[in-house]
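Subject: Structure for you to look at

Hello,

I am handing over the structure below.

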Amino acid sequence: MMKQIFGRRKASKTADKEFAGGRTFNQLSGSGGADLSGQPPILPGTGHTYGSGNRTGFQDSRINDALFSSNFRPLPSFKDVPNTEKQSLLIKKLNMCCTLFDFTDAAKNIKEKEIKMLMLLEIDEYVRTATVKFPEVVVEAITKMISVNLFRTLISPPREKKVLQAFDLEEDEPLMDPAWPHLYHVYELLLTFVQSPENDAKLAKRYIDNSFILRLLELFDSEDARERDRLKTVLHRIYGKFMVYRPFIRKAINNIFYQFIYETEKHNGIAELLEIFGSVINGFALPLKEEHKLFLVRTLIPLHKPRCTAVYHRQLSYCITQFVEKDCKLADTVIRGLIKYWPVTNSTKEVLFLGELEEILDATQPAEFQKCMVPLSHQIARCLNSSHFQVAERVLFFWNNSHFENFVKQNSKVILPIIFPALEKNINGHWNQVVQSLSLNVRKLFSDRDPQLFTECLRKYEEDKDRDKEFKLKQELAWKRLDEIASAKVTSGEAVLVSPTLLRQPSVL
């Protein structure tokens with residue numbers, strides 16, 4: 001009986017030491033190494049898990065804060081110990097930094113949080129100034145500590161009708177994670193570790209593996225823009241250092257895009273992920289692989305579909321333009337794809353699309369322009385007649401672009417007949433004076449360049465206009481006759497028979 005009692009006391013003391021962060025690294029690593037892919041390990045004595053996202057891990061009333069504070073003490077500085085003991089001290093500091101705190105309560109564990117922050121700074125400096133290759137035990141300890149602190153379940157605060165309404169980050173107040181001052185130092189350490197020349201990529205990839213990368217990508221959905229910005233830098237460095245993971249990273253990001261486009265239309269990190277891809281596309285070798293072309297067609301072009309395109313449009317436009325600059329033959333595919341997803345009722349989005357279209361046309365060759373000039377001209381005509389003055393004005397500014405003007409000049413016999421009615425309609429009836437004036441300027445350019453073609457288009461426009469008036473007159477007479485017949489028979493209760501000659505004919509456009 002006495003042995004059992006003393007045995008329990010001994011086990012309890014051991015648990016208290018482990019809870020205070022004083023475990024040896026053998027206990028941390030175990031025989032199987034760091035398990036970064038499965039469930040996070042349990043924080044001894046608390047019931048909370050490492051990296052579980054529970055940032056209130058020390059709110060449990062079972063925890064004795066006074067005992068915890070007495071055990072969580074600062075360790076000696078690296079400069080105060082001999083070189084032979086620095087690695088052991090590094091591992092002890094990393095073990096202590098695996099302890100999580102509740103940052104939603106600024107008045108809780110103030111001293112311990114300060115101690116941990118100083119430790120993270122010391123570790124970062126140690127890694128930054130290292131002059132020898134990191135052994136596996138150090139690599140494992142660093143990746144373990146980073147996983148514990150960063151990988152957590154992201155909980156978004158409720159926003160009214162977020163899914164139903166057009167999602168626009170610019171209209172929402174930016175959300176700040178109270179734990180960011182602490183997370184920032186962890187991200188800095190991860191960045192320093194990945195970039196360190198003493199970090200052997202072949203060794204590090206045992207711990208910075210597929211699971212580690214996937215969990216890192218999950219954090220891009222963080223509401224805090226500061227965290228997403230650091231993640232962007234970290235993932236880009238990992239992509240550059242670990243070449244073996246490049247196809248996997250591209251595929252994993254692609255899956256995030258698919259889920260966003262076709263399922264949720266809700267993700268906070270699309271702009272940052274596209275920014276990463278912008279630099280990746282810039283490094284693609286020529287000729288482009290089929291995989292990359294499929295990414296353009298199946299992912300980048302459909303990214304124009306979601307309602308919240310404005311949030312990430314600048315980065316998306318850059319990626320699209322990079323593809324066209326890499327391979328000019330893709331211009332026709334891109335322009336047709338843009339027309340396919342052209343907004344109908346969202347004028348702000350239309351203005352963005354027009355800006356992107358102009359950039360794409362700047363990188364387009366004449367042969368590719370000719371392939372898509374007919375559907376493109378029809379879309380330009382629709383934009384010219386937009387009741388929103390910014391849309392009409394933006395497309396009229398295309399004629400200030402010398403590259404576009406050359407395309408029009410070379411193919412005016414095809415383009416002018418399509419857009420001429422839209423120009424005339426603007427001149428004769430648009431409510432905005434600026435649009436009317438710009439339309440007159442464009443009309444004059446065509447009349448000065450090719451008077452014969454202009455006269456022919458004007459004659460055809462007048463004929464169509466007269467034909468349309470005649471047809472509308474016939475329609476009015478037909479409806480008038482129907483009204484008279486119905487009025488004559490309404491008192492008798494007889495059914496009104498409609499003559500086939502009075503049926504509506506198809507309109508002439």
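In this predicted model, the count of aromatic pairs comes to 19. One of them joins Phe260 and Tyr312, whose ring centres are 5.8 Å apart. The planes of these two rings are at 75° to each other, so the pair is classed as edge-to-face, a label for angles over 60 degrees. Phe260 belongs to helix H11 (residues 246–264), while Tyr312 belongs to helix H14 (residues 309–326). The two residues are 52 apart in sequence, so their pairing ties together separated parts of the sequence. As for accessibility, Phe260 and Tyr312 are both buried.

There is also a cluster made by ring pairs: its members are Phe398, Trp399, Phe404 and Phe446. Another charge over a ring is found at Phe103, where the charged end of Lys113 sits 4.9 Å from the centre.

Cys383 has a relative accessibility of 1%, so Cys383 counts as buried. Cys457 is at 9%, and because buried means under 20%, Cys457 counts as buried as well.

Regards

Methods
Residues are numbered from 1 along each chain as its sequence is written. This is a predicted model: local features need pLDDT of at least 70, side-chain atom pairs count only at pLDDT 80 or more; totals for chains, interfaces and linings use all residues. Side-chain values use heavy atoms; hydrogens and water are left out. Buried means under 20% relative accessible area, exposed over 50%, partly exposed in between (1.4 Å probe, protein chains only). Rings of Phe, Tyr and Trp (its six-membered ring) pair if their centres lie within 6.5 Å; planes under 30 degrees apart count as stacked, over 60 as edge-to-face and the rest as tilted. Helices (H or I, at least four residues) and strands (E, at least two) are DSSP runs, numbered from the N terminus. A charge sits over a ring if NZ of Lys or CZ of Arg is within 6 Å of the ring centre and within 35 degrees of the ring normal.
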